[in-house]
2 protein chains.
Amino acid sequence: MNASVKVNGDRLLGRLENFAGIGATPAGGVNRQALSPEDRLARAKLAQLAADRGFAVFQDSMANLFIRREGKSAGRPPFLIGSHLDSQPMGGRYDGALGTLSAFEVLESLDDADIQTPVALEVVAWTNEEGSRFSPGAMGSMAFANRAIPAEWHHARSPDGKLLQDELTATLIALPQAAMRPLGIPVSGYLELHIEQGPSLERENIPIGVVHGIQGTRWLEVVITGQTAHAGTTQLSFRRDPLVAATEAMQTLYGSIMPNDEQARLTIGRISVEPASINAIPGKVSFSVDLRHPNAPELARLEELVRTVCQEKASVLGCEATVRRTFDMPPAQFSPTLLAAVEHAVTRLGVSSKPMLSGAFHDALFLARVTEAAMIFVPCRDGLSHNEAEYVKPEHSVLGAQVLLESTLAALGMS
Amino acid sequence: MNASVKVNGDRLLGRLENFAGIGATPAGGVNRQALSPEDRLARAKLAQLAADRGFAVFQDSMANLFIRREGKSAGRPPFLIGSHLDSQPMGGRYDGALGTLSAFEVLESLDDADIQTPVALEVVAWTNEEGSRFSPGAMGSMAFANRAIPAEWHHARSPDGKLLQDELTATLIALPQAAMRPLGIPVSGYLELHIEQGPSLERENIPIGVVHGIQGTRWLEVVITGQTAHAGTTQLSFRRDPLVAATEAMQTLYGSIMPNDEQARLTIGRISVEPASINAIPGKVSFSVDLRHPNAPELARLEELVRTVCQEKASVLGCEATVRRTFDMPPAQFSPTLLAAVEHAVTRLGVSSKPMLSGAFHDALFLARVTEAAMIFVPCRDGLSHNEAEYVKPEHSVLGAQVLLESTLAALGMS
């Protein structure tokens, strides 16, 4: 019945260009880290656009920003669409901004077409999704889902020495026109449009990904200790070289985890040795392990495998391995109801799509713990993200916004 | 005919203790880096001991220090015995000092016994063997052998910003009682006593190593480049992970080079990745390769093997490897005549010994290019060196000095 509602593509692309100017880097990327002056400027701009439209603006104690267009029933929980406005220090223009500005475009398009939704529709920009200025990432959505800010976050400091607490306060008072609301209000659902941040849609030439869930992630820190010794004088039988043990363990893991299971991911992103001297056998090797899998028990099994393999390979060479878990994010399954709404929208639009999992975290991961949630992906060039060269074709940005619009209407029972 | 000449063990041990106090570290080691105030103090002390005995003292433009006891024929080239007095920043008491002070003990013992040698016998303390304050190491003996100081050394700077040129000058003028002599005078031979800096003598319970040569060494820098990408979103078939290629290459090399040839040494002492983020597939891996072998063509073959294996493993994974040689020290074979003199001494003394190769460089490597040269090793505890815990049993220090004395007499045709 709303087949004729179309997002305004030119307006959306203009906004993307406009927001890319806030924290613009010389190489065409964006440096708009969470709660920075640039982030505050982007929030203020969005709030001004909302005020120009007569939409209400709210923020909570985590500085999550909400823009509300009322629906028929003011009393029922709103439906949320959005993403984040903060970026990596050398980030791109689309990661977060595309989802947030497309959500605002949905609000404006509905307003232009004078279409009333059964419940209020709210655009949300979550605080500090990236986690690069204050750790951890996804602070805003996590606190929203938990209805609490963990006490230790208040002591979090940015690399430039600022306290999270102080930066939150400064950001909130910089937007006095936004009314304060409690942290973690009831909502009736959440849809997020985001760039894929991986190459699969582009390589398969599919413009829309229907995201069924987010892989679980575990980070492990492996330390193997042996005995440092002189490179020239020490015979093989006297060596206890932890780097030999580490490479054997890594080879065993590389050769089994991903080749045996296409849903599994294994990445060793950091490795260092001590004393790191060209002519000394290392005494200690440390490396990180990033494990991902959509299935929680399988993820636990992979962690156990890493532990066993490292300890066995170390032991054979007279070394010792310790494996410490430093991060644990369980997998999330998105809402079948909302995924059906996205499929419905894609079918109506007649565009190709594929079901997929997200390998990266998103705010939707935390929303999924408290409401129906799902995500929509569009391709980005070469799968590049967290990179100034990040790029999304204009037609994919506009199509993503249109799918978000139609999925929202379907989720609200309006199509 | 000089069977009765014995070194004075107590005097030698007292000297070792005494010199260990110059640059002593709280943990019992020594920080007496080349051309530092501590190094100058040690030189001055040795020069004073020489003056007390009436021995002549000389230095050359590289601040190599010579102490001369005249022989029957003043005109023929002297025979040199010695080592170095400089240490690593956190070094031990014996590396260098044992050889230098034992050589001085040989001079004193011969003087005490009133034994005249056919040619002059000189103790030498070579400048900057360690190479830790100014690079490269073995500067003194290298310049002596080449009879020239490479122009680029003059611009060498210490970590505290001092120019080698200035530190050389300051060291030379701090010892005005030493007469200047040309760099690289003709000599008739060179014998050096040193600690093994490896565990083999201690483990086999053999007090003397007769050192037949020094392994050749090549240092390679391997860089493998692939494509950095997101740890969670990137499927196996899209990955070009240079760390996978590097570990495959390292495993192949670890599994063949040393297991197939007990004279070969392979050490990977440094490895680093970029961007070194837990959740990013590395885009670039760099690692060092230290290869050693006593046989020059075999060393060249091993370098070629590293090159081929790295390039093959990289290529299979869509990565690219470059292998650059950063250092090349050809193997040295010591003088059969001098080795026979050492064997003769060991037999006379009735102590057990074994022929061995040195895996570490020594000043003798450079002397071997211009004269007959050889080395004698004594065991050190746990093979530890370049470490404050470096330790040599007193009886091994004294035995080493006695073997040096008797080998010198044998080399001079006096026993």
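Predicted model: local features only at pLDDT ≥ 70, side-chain atom pairs only at ≥ 80, totals over all residues.
On the α2(B) side the contact is formed by B:Leu46, B:Leu49, B:Ala50 and B:Arg53, which meet B:Thr100, B:Leu101, B:Phe104, B:Glu108, B:Asp111 and B:Asp112 of α3(B). Sorted by class, this contact of α2(B) with α3(B) comprises five nonpolar, one polar and four charged residues.

## Packing against helix α11 of chain A

Helix α11 (residues 394-411) of chain A packs with helix α9 (residues 336-349) of chain A at an angle of about 125°, the two axes being 8 Å apart. This angle makes α9(A) oblique to α11(A). The crossing in which α9(A) passes α11(A) is right-handed. From α9(A), the residues A:Leu338, A:Ala341, A:Val342, A:His344, A:Ala345, A:Val346, A:Arg348 and A:Leu349 take part, and they meet A:Gln402, A:Val403, A:Glu406, A:Ser407, A:Ala410 and A:Ala411 in α11(A). By class, the contact of α9(A) with α11(A) holds nine nonpolar, three polar and two charged residues.

Helix α1(A) also packs with α11(A), at an angle of about 115° and with the axes 10 Å apart. The helices α1(A) and α11(A) are therefore roughly perpendicular to each other. Here too the crossing is described by its hand: α1(A) passes α11(A) in a right-handed crossing. The residues A:Gly9, A:Leu12, A:Leu13 and A:Leu16 of α1(A) meet A:Pro394, A:Ser397, A:Val398 and A:Ala401 of α11(A).

| Helix pair | Angle between axes | Axis distance |
|---|---|---|
| α9(A) and α11(A) | about 125° | 8 Å |
| α1(A) and α11(A) | about 115° | 10 Å |

## Domains of chain A

Chain A is divided into domain 1 (9-214 + 331-411) and domain 2 (216-329). Taken over C-alpha atoms, the centres of domain 1 of chain A and domain 2 of chain A are separated by 37 Å. To the contact, domain 1 of chain A gives ten residues and domain 2 of chain A gives eleven residues.

## Relation of the two chains

The same surface serves both copies, since 100% of the contact residues of chain B recur in chain A.

## Backbone features in loops

One runs from B:Ser135 to B:Pro136, with omega near 5°, and B:Pro136 is found in the loop between β4 (121-126) and α4 (139-146) of chain B. Another cis bond links B:Glu274 to B:Pro275, again with omega near 5°. The loop that holds B:Pro275 lies between β11 (271-274) and β12 (280-281) of chain B.

In chain A, A:Leu35 has a positive phi of about 65° although it is not a glycine. A:Leu35 lies in the loop between α1 (9-20) and α2 (37-53) of chain A.

Note on methods: Residues numbered from 1 in each chain as written. Chains lettered and ligands numbered in written order. Heavy atoms only, no water. Axes fitted to C-alpha atoms, helices over the stretch in contact; angles between N-to-C directions. Helix = DSSP H or I, 4+ residues; strand = E, 2+ residues; numbered from the N terminus. Parallel < 35°, antiparallel > 145°, perpendicular 65-115°, else oblique. Left-handed = near helix turned anticlockwise from the far one by under 90°. Contact = heavy atoms within 4.5 Å. Nonpolar A, V, L, I, M, F, W, Y, C, P; charged D, E, K, R; others polar. Domains from an automatic or database assignment.
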